[in-house]
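Hello,

Here is the model I promised to pass on.

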Amino acid sequence: KREVKSICCIGGGYVGGPSAAVIANKAPHLLVTVVDIDARRIAAWNSDLLPVYEPNLFELVQPARDGSSGREPNLVFSTDIDQKIREADLVFIGVNTPTKKTGLGAGKASDLSWLEAATRRVARAATKDTIVVEKSTVPCGTANMMREILAANAQPGVKFEVLSNPEFLAEGTAVRNLLHPDRILIGCLETESGYAAANALADVYANWVPRERLITLNLWSSELAKLAANAMLAQRISSINSFSAICEAVDANIQDLAYAVGLDTRIGPKMLNASVGFGGSCFKKDILNLVYISESLHLPEVAAYWRMVVEVNEYQMARFVKRIVNSMYSTLSNKKIAVLGFAYKKDTGDTRESAAITVVKSLMAENASIHIFDPQVREEQIMADLQVERGDKQITVSSSPYDACQDAHAVVILTEWDMFSNKASKTLAPPANEAGGMANGGAAKPSPKHEKVDWARVGELMEKPAYVFDGRNTVDKAVLEDLGFRVEAIGVASSSRLTM
Ligand code: NAI
């Protein structure tokens with residue numbers, strides 16, 4: 001039986017940091033170290049402003065990192081990568097695996113260069129037998145590549161066992177997902193030493209995850225299960241979004257439709273919110289990876305099937321922009337547009353593949369003057385995503401929603417932050433961990449940033465007719481219409497069409 005006492009997580013990003021924090025809290029007898037080549041990120045993990053904004057994360061990191069009454073610290077963030085690898089019995093590799101930009105498979109295949117570099121580093125640094133866990137999302141077969149690299153570069157007498165352990169957390173709910181996972185997949189070689197390594201990792205999770213949720217399967221099934229899960233989740237969004245287009249045309253209501261369809265227990269209610277489109281660093285990348293794998297395996301029909309999920313997402317964003325332009329008398333030239341929300345979803349400061357980037361760039365092409373407010377995304381991040389300089393004529397980042405909406409002709413909601421919602425059912429509380437840092441190493445914003453938007457006040461500030469284009473079906477349309485707004489929601493026929 002293999003025993004794990006010390007764990008090293010290579011890659012302190014959205015996955016590595018929160019995962020390590022949860023293990024350190026739930027298994028206080030283990031030493032958990034997070035290492036990263038990005039020294040700024042490590043410094044931020046060691047500060048009060050964590051590099052990742054995630055509700056309740058700071059509360060988890062701080063006591064494990066700094067110790068508290070009755071507990072020794074067991075969570076370390078370090079740039080001393082080789083030393084920490086040497087000390088570990090088990091190494092998680094949770095580095096980035098983005099879509100390749102150039103070369104074979106460009107625009108589809110995953111770029112495994114960071115993963116390969118990290119694997120080579122483990123191979124060279126380790127001085128004792130080590131379990132290497134592939135945590136990053138990768139194409140199936142990657143574990144084989146890792147086994148080859150590890151074996152070819154190992155120090156004499158050192159043996160490695162590779163496991164696949166894909167991560168299913170969702171940003172914005174990472175802590176909850178990690179504490180209460182639906183399942184943990186542990187893929188291993190079907191050999192005695194493979195199973196021994198899998199059991200050692202299962203013992204780590206068993207500190208807080210019920211045994212029946214720990215699933216052992218072969219490496220390739222495990223790797224493919226992650227891609228399949230993301231593809232099917234994204235497919236639900238594209239499916240409901242395709243119906244939103246029909247709803248808008250026939251005067252059906254997408255929210256009623258989603259509710260009615262989701263009541264079927266075989267379908268279920270989750271991931272059926274129609275919106276301007278999905279974003280985030282994973283869905284598009286993982287589906288394109290799946291498309292590439294399918295093409296490589298000479299399965300063009302399978303590739304085409306999954307590619308459509310991405311195409312419908314792009315169609316949905318384009319449709320939304322078209323609706324804005326058409327509603328506003330076909331010209332946005334010199335009109336002020338307030339954009340509320342820039343993160344790809346609420347409760348994260350992450351903007352990777354955010355629909356906001358695509359929509360705002362399209363609005364820029366229409367010569368609109370755009371003022372953006374997001375409670376967690378920093379100005380520099382927004383400017384970088386839009387590829388504009390500070391002081392750009394078209395783009396202004398506002399520090400309050402009211403500044404953004406002052407004299408605006410339209411408000412465009414692109415992230416479903418609770419603070420933008422005037423629906424009765426949503427919670428009023430700002431996300432926890434206000435001081436817990438935000439994405440990309442920025443300063444935490446004060447809590448008034450998350451105060452509920454007073455839509456009556458917004459209405460008074462705006463030019464008339466005051467439009468709201470709700471890309472997330474976040475506001476109660478009827479209530480805003482009573483306040484005098486013209487509201488265009490996803491999957492609901494345009495008000496102007498109805499009055500014509
Ligand atoms: P990230 O970009 O936030 O973090 C990756 C970190 O790895 C970076 O800080 C980078 O500096 C570091 N790194 C890269 N090469 C390294 C090396 N050789 N040695 C040490 N550190 C190195 O990425 P994120 O979002 O945490 O994703 C990581 C992986 O997990 C990806 O494969 C992703 O597909 C997967 N994943 C991401 C989820 C998410 O919601 N972000 C959810 C589930 C899986």
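Just after α13, Asn367 takes a positive phi of about 70 degrees; helices here are DSSP runs of H or I with at least four residues and strands are E runs of at least two, numbered from the N terminus. Please keep in mind that this is a predicted model, where local features need pLDDT of at least 70, side-chain atom pairs count only at pLDDT 80 or more, and totals for chains, interfaces and linings use all residues. Residues are numbered from 1 along each chain as its sequence is written, and side-chain values use heavy atoms, with hydrogens and water left out.

Two other residues share this theme. Asn334, in the loop between α12 and β9, has a positive phi near 65 degrees. Glu353, in the loop between β9 and α13, has a positive phi near 60 degrees. Most residues other than glycine have a negative phi, and most peptide bonds are trans. As for accessibility, Asn334 counts as exposed at 69%, while Glu353 is partly exposed at 43% (buried is under 20% relative accessible area, exposed over 50%, partly exposed in between, with a 1.4 Å probe and protein chains only). On the peptide-bond side, the link from Lys464 to Pro465 is cis, with omega near -5 degrees. Pro465 sits in the loop between α16 (455-461) and β13 (467-470).

Back to α13 itself. Its buried residues are Ala355, Ala356, Ile357, Val359, Val360, Leu363 and Met364. Their cover includes α12 (300-327), β9 (336-340), β10 (369-373), α14 (379-386) and β11 (395-397).

That leads to the cores. A nonpolar core is a set of buried Ala, Val, Leu, Ile, Met, Phe, Trp, Tyr and Cys residues joined through side-chain atoms within 4.5 Å. The largest has 65 residues, of which Ile337, Val360, Ile370, Val411 and Trp455 touch the most other members. Helix α13 (residues 355-365) gives the most to this core, with seven residues. Apart from it lies another core, of 46 residues, including Trp45, Ala64, Val175 and Trp208. Setting aside neighbours within four places in sequence, Ile337 has contacts (heavy atoms within 4.5 Å) with residues including Met328, Leu363, Ile370 and Val412.

On the overall layout, the chain is divided into domain 1 (6-209) and domain 2 (229-499), with bounds from an automatic or database domain assignment. Their C-alpha centres lie 32 Å apart.

What comes nearest to the ligand? Of the 26 residues around the ligand (a heavy atom within 4 Å), Asp36, Arg41, Thr97, Glu171 and Lys285 come nearest. There are polar contacts too, meaning pairs of N or O atoms within 3.5 Å. A ligand oxygen is 2.8 Å from a side-chain N or O atom of Arg41, and a ligand oxygen is 2.9 Å from one in the side chain of Arg352. The protein covers 93% of the 840 Å² of accessible area that the ligand has on its own, by the Shrake-Rupley method with a 1.4 Å probe.

Arg183 is partly exposed, at 29% relative accessible area. Beyond its neighbours within four places in sequence, Arg183 is in contact with Phe168, Arg213, Ile215 and Ala229.

Best wishes

Conventions: A polar contact is a pair of N or O atoms within 3.5 Å; within protein, one must be able to donate a hydrogen and the other to accept it, and residues adjacent in sequence count only if both atoms are side-chain atoms.
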